[in-house]
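Work through the two exercises below with the sequence and the structure at hand. Each task is followed by a solution in steps.

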Amino acid sequence: MNPVRLAIIGAGLVGKTHANLVAAHRDCELVGVCDVDPARSSVAQGLGAPFYSAVEELIEREKPEGAIVSTPNDDHASVVEICARRSLHVLIEKPIAGTMEDASHIIRTADETGIKALVGHHRRHSPYIREARSIVKGGTLGNLVAVSMLWALLKPADYFDVQWRRRRPSGGPTLINLIHELDTLRFVCGEIRQVYAQASSEARNLEVEDSLAISILFESGAIGSILGTDATPSPWSYESAVHENPMYFPTDENCYFFLGTLGSLAFPRMELWSYVDRESSGWQYPMEQSRVGVERADPLVSQLEHFCRVIRGEESPLIDGRDAAKSLSVVLAVLESIERQAPVVLGDE
């Protein structure tokens, strides 16, 4: 089987990561890299791929079968439009877009042209997240009662040398980081009905928040919470605990807790807690712990392999535009709640 011909559009930090993965994978061929910044031609040169400043020229000359779109959020819709009108399937980095209007435009464009649009919520490809989903949705915990998430780490000072990370609408941990947690909640626990969030910028005094607390109501009636901050030294974050990204100092701490009527799950140590005898339940009775084994895999590699199968027509996108737009709507509801200092119900006008 011939390798799938892929292009990278947007060669920043995330685009460079995708380019390296494509170039290294035997099922792919990196046929070009595109960015408006000529300095990023070094990404293409380092991988022996041609560099372009215009998406149209790359597509016309290199004839890729698919493109990974890792441009700034506000450019996603226009780039997808160019690709789709040339019958090019796309993997769009999360979030699908910066606004719901742009997300709807991407969805319509994909529908009209018949291309496949996959959105890069890569944690859905994580074996840990998929096992947690199986446990929660499979009834091992009984009916889900609540979920608690802690995401806390310290971003280095030079992270904020990039201006858009300091400002609205694209900056801040809600849109950059906690969109992962919110999408994970939808994937594992079901749709979110309401959010109520409070935020603080006191640690850095930037335009964007550095700490926030989100209260969540699921359509099932379960409740949840996320406490997030990028301003404290802490071992309690997905990135540190799951060991998927070598950039982060690895720890062996749990950061998510899923609580049900029959048991609870501590993640990512995958510790299941339940009563020894279900007929003897209550705080006075003994509990037991078991561990669920999970085989490690890089979710970005798994996502890339899935994208290739989508292009070949072997699979449908794990998360398409409509699904990803729901996660974007939750994130925007959180930001709205912070601004209004009031609960926001999803789906309300």
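**Exercise 1: Helix 10**

Just after helix 10, Gln341 takes a positive phi of about 55°. The model is predicted, so local features need pLDDT of at least 70 and side-chain atom pairs 80 or more, while totals for chains, interfaces and linings use all residues. Residues are numbered from 1 along each chain as its sequence is written, and side-chain values use heavy atoms, without hydrogens and water.

Task: describe the length, start and covering of helix 10.

Step 1. Helices (H or I, at least four residues) and strands (E, at least two) are DSSP runs, numbered from the N terminus. Helix 10 covers residues 321–340, 20 residues in total.

Step 2. The expected span is 1.5 Å times one less than the number of residues. For helix 10 that is 28 Å, and the helix reaches 28 Å from its first C-alpha to its last.

Step 3. At the start, a side-chain oxygen of Asp320 comes to within 3.3 Å of the backbone nitrogen of Arg322.

Step 4. Buried means under 20% relative accessible area (1.4 Å probe, protein chains only). Among the buried residues of helix 10 are Gly321, Asp323 and Leu328. Elements covering the buried residues include helix 5 (100–113) and strand 15 (344–345).

**Exercise 2: Helix 9**

Task: repeat the steps for helix 9.

Step 1. Helix 9 (residues 299–311) has 13 residues and reaches 18 Å, close to the expected 18 Å.

Step 2. A side-chain oxygen of Asp298 lies within 2.9 Å of the backbone nitrogen of Leu300 at the helix start.

Step 3. Its buried residues include Pro299, His306 and Ile311.

Step 4. Just after helix 9, Gly313 has a positive phi of about 80°.

Notes:
Buried < 20%, exposed > 50% of the residue type's maximum accessible area, 1.4 Å probe, protein only. Polar contact = N/O pair within 3.5 Å; in protein donor to acceptor, adjacent residues only side chain to side chain. Contact = heavy atoms within 4.5 Å.
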